[in-house]
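Trainee: I'd like to learn how to read strands and packed helices. Can you walk me through them?

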Amino acid sequence: MKTAFQTLQKILKQEQKLGYKNKAVIGGLERYANNWLVMSLKEASSKDERLAIEKITATLKKYPSYAAEAERRESIEDIFNTLNSLTGQEEQIAVESPAPPKPSAAPKPTAPPKPIAATPAPKADAPKTATPIKRSVAALEGLDASVTRLPGIKDANAKKLEKLGVRSIGDLLTLYPHRYDDYRSLKTIHQLEYGEDVTIIAQIWQTTTRKTKNNRSIVSSTLSDGTGTIEVTFFNQPWLESKLTPGKQIVLSGRVQQYLGRLIFQSPDWEFLDKTQIHTARLVPVYPLTSGITARWMRNLQKKTVDYWTQRLPDHLPTETRKRLNFPSLDEATRQIHFPDSWEALEKARRRLAFDELLLIQLGVLKQRQIWRKQQGQPVKINREAVDKFINALPFTLTNAQQKTLNEILGDIAQPTPMSRMLQGDVGSGKTVVALAAMLATIADGGQAAILAPTEILAEQHFASMQSLLQLSGFDRQINLQLLTGSAKAKDRQPILEGLADGAVQLLAGTHAIIQKDVELKSLRLAVIDEQHRFGVEQRGALRQKGGNPHMLVMSATPIPRTLALTLYGDLDLSIIDEMPAGRQEIKTRWLSPLERERAYAFLNAQIQKDRQAFIICPLVEESDKIEAKSAVEEHKRLQSEVFPKLKLGLLHGRMSGKEKDAVMNDFRQSKTQILVSTSVVEVGIDIPNASTILIEGANRFGLAQLHQFRGRVGRGEHQSYCLLLADSASPEAQARLEVMEKTNNGFELAEQDLKLRGPGEFFGTRQSGLPSLKLVKLSDTKLLELARTEAQAVFKQDPNLNNPKHKLLSNRVNAFWTKITDPS
C-alpha cells in the first residue's frame, strides 16, 4: 500500500476514536487535505488514482462543514471505501462506530472537472487566442495561491493584474464586474434599428483588409442571415482576416451604428456559433481594466477561473441559515455575479455576496467589542466644577449637540468599563473642544490624555487649536501640553518621552509616533483618535496597550449615515454633533467648466485684492503621493509664473518633511503668501481664518465627502467664503455630484448622496485604510444592513467564539477577512 494512503487511514481511525471532533490532526482534516493531496499525487500511478485522490481531498476539506456526527461518520466511511478500491484490498477496513456501517460500493471514477484555462494578456497588436490548460499547481494551494499559478499567467501579466488589486486566485474571483452589457436581444438583420444594443447570428460572406493613409489596417466582413446583409468593421486587428473566413457562422453583439446612410457594426464583440458564448448573446460582464489587459482577455480568464474554482468554494454560511434567508449558495452566487443568467439572478447573487461582506464585518466588530468590554478600565472621577469652569471661560457657548455629546462621554469615562465611543461631526461643528473638555476632566483626576492624528499637519493643528483653547480659558498655565510627531529631533523628543513616563506631560497631541515602542505613558486614561477611518484595528489596539486599557474616543469629520456607521463600527457607541455653532456662514459654492478657468482665476485675484487669502487644490492624479507631489510642483510653477506673477504662492504636498510643511504653513498663517497650492494633504487640519476662497481643480475626480472636507478649509473667519469647483470633465455622473455640492453645505446630506452615487467602497477610498473592502454593498441596502446585523448578533449570542462545527468555515472566513484589513504605512 502507498505511504500516503496508509498515513491517511491511521489519521481517520484516530478521528473515529476521538468521536468525530476533527481533532485527529492539528488544524483539522481540512488543513491536512492540501498536504495529503501533494503527497498522494506524487505516488499516483494512474488517472483513476488521481481522480479518486481529488475526490478524497474534496471530502476532507468539507469535513468541518458537516455539523452532525452521522454526516462525519458517513464521509469517513466514503473515504475508506475509496481507499479500499485503490489499494485492491479484498477485506474492507473496519469502520469504528456504534453500529456496523452499511457496505458501500467503491466509487466509479468520475470525469475530471473542466480544466481552468488562461491566456497571456495579449499585446494590442496581437491576436487573442485561448489555449486550454491542464490541471495547475494552484489546485494544490487553494484560493490563496498566486495568480501566477494559473497556467499562462506569467509575471508580466501578474503585475498588470496587481494594479487591479489582484494577487491571488481568490482576489480574481472577487474582482467583480462594474457593469453588464445586455446583449440578450437576438434579432435578424432586417429587424435592426440604429442605436440599439443587439445580437445577431449570421454567416460570413467575405472578409477583406485595407490600409489607411497612416498605415493602419481596417478589416471589413460582410455578414448575412437570409433576411439581409450588414457590414462589420474592425480597426487595427489584421489577424482577423484569417479568422473570419467565408462560410463560418458567428454570433455578434454590439451597438448598431450608421455610415453613409447604411447600418453597420464597428468593432463589436463576436464569437463563433459553435463555441460557448462569453462575449455575446448574454448579459456580458464588463470588468475594471488596466493598461495591457483587454476586456476580451479578462472575460476569458474570469470565465475559466469561475468555471473551475466555484466547484471548489467551501460555503461558510451554514446550509440552514442560507435556506432560511433564501440565499443562493456561494458557488452559485459567484457564478451569477460574474456571468449572470438574468438580471434577477444577478441581484440575488449580489445580495448574497453583499450580505457576506456585512456579516463578516459585524462578526469582527462584535468580537472586538466583547474583548474590549471584558477589560478592566480606569474610571475617571468627574470634577464637574473644573469642566464647567473651562466651558464657561470660553468666548463662545457650546451648542446643545456639543453639550449632549460631552455628557455622554463624561458618563462613559466615569465607568470601570473602558469607553469605546465614536464622535461624529461635520467640519467646524466643534468636536475638538468637546474632546478637550473630556481630556481636561481626565487630567483633573490625575490622569493623562492623548490625541492621535493621521498626519503631522493635523497633529500640529490639534496642538495649536488646543493651545489656543487653553489660553482662551486660562487653563494654559495649569496644563503641560506637548506635540510628538515622527519628524521630531532626538534632542526635542527625549524630554517629551521623559515627561510622558513620569507624568509631567499631561496632554499630548501626536501622530503614529505615539504608538511606537519607546513611548511610555505613566497613566494614560483617555485616548482620542481623529479621522477614525484612516486607522486600522491594530493601531487602535496598540494605543490601548499604552495605558492599560484607556478610555477610547474616536472622531471623524466624515459624516457616515447611522445605519452604515453601526455596521462598520459596531464595536463603538455613537455620538453625533448634528448642529453647527451660531454665526457660522454658509460657504457659497459654484462648479465651473474648463472654459471658465480664467474667470475663476480672476475671482481669486479680486479676493486677494481685498486682503484675503486662497487655496488652490491640485487634481487627484492617482493614489500616489509621489505623482501627486510632482503634479503639485509643476502646477505651482505654472501658476506663479503665468497666472499670478505679482503674488506670492506657497506649495504644500505629502512628500515634504514636517519642517518644510511647518515653514509653508507659518508663511501662509502670517500672510507672507497669498495663495497656497496644495495636494489633498490640505483636506483636514488647516485653520486659516483669513482664507476666504478655495479653488479645487479636477473637482470631478473627488467624492462629495472629500470635496466637503476641502470646502471646510475656508469659512472659518468673519468674511464671506467661496468654494469654486473646476471640473475637467462634464460627465453626467460628475455633473450630478457637483450640483449636489452647490445645493447644500450639510455634510450628512452630502454623505448620503455620495454613498448613493458611489457606494461605500469608493466613498471611503483606497487611502482610508482600516476598513474592510465593501465591493457590493449599496446604501439602498438598508434592510440588508439590518438583516446582517441581526444575524451576526444571533450567531454571536449563540456561539461567540464560532467553535460550533457548523461555524468552522465561517470562523475561518472571518479570520481571513479581517486579516486583510491592514494599517496604512
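Mentor: Two strands pair if DSSP finds at least two bridges between them. Helices (H or I, at least four residues) and strands (E, at least two) are DSSP runs, numbered from the N terminus. This is a predicted model, where local features need pLDDT of at least 70, side-chain atom pairs count only at pLDDT 80 or more, and totals for chains, interfaces and linings use all residues. Residues are numbered from 1 along each chain as its sequence is written, and side-chain values use heavy atoms, leaving out hydrogens and water.

Trainee: Which residue of E13 is the bridge partner of Leu-452?

Mentor: Gly-510. Strand E11 (residues 448-452) runs parallel to E13, joined by 4 bridges. Strand E12 (residues 481-484) is also parallel to E13, with 4 bridges, and there Leu-481 stands opposite Leu-507.

Trainee: Are the faces of E13 covered or open?

Mentor: In a regular strand the side chains alternate between the two faces of the sheet. For E13 (residues 507-510), both faces are covered: Leu-507 and Ala-509 on one side, and Leu-508 and Gly-510 on the other, are all buried (under 20% relative accessible area, 1.4 Å probe, protein chains only).

Trainee: At what angle do H23 and H24 pack?

Mentor: Two packed helices are described by the angle between their axes and the distance between the axes. Here H23 (residues 704-711) and H24 (residues 732-743) pack at about 40°, axes 10 Å apart. Residues in contact (heavy atoms within 4.5 Å) include Leu-704 of H23 and Met-741 of H24.

Technical notes:
Buried means under 20% relative accessible area, exposed over 50%, partly exposed in between (1.4 Å probe, protein chains only). Axes are lines fitted to C-alpha atoms, for helices over the stretch in contact, and angles run from 0 to 180 degrees between N-to-C directions.
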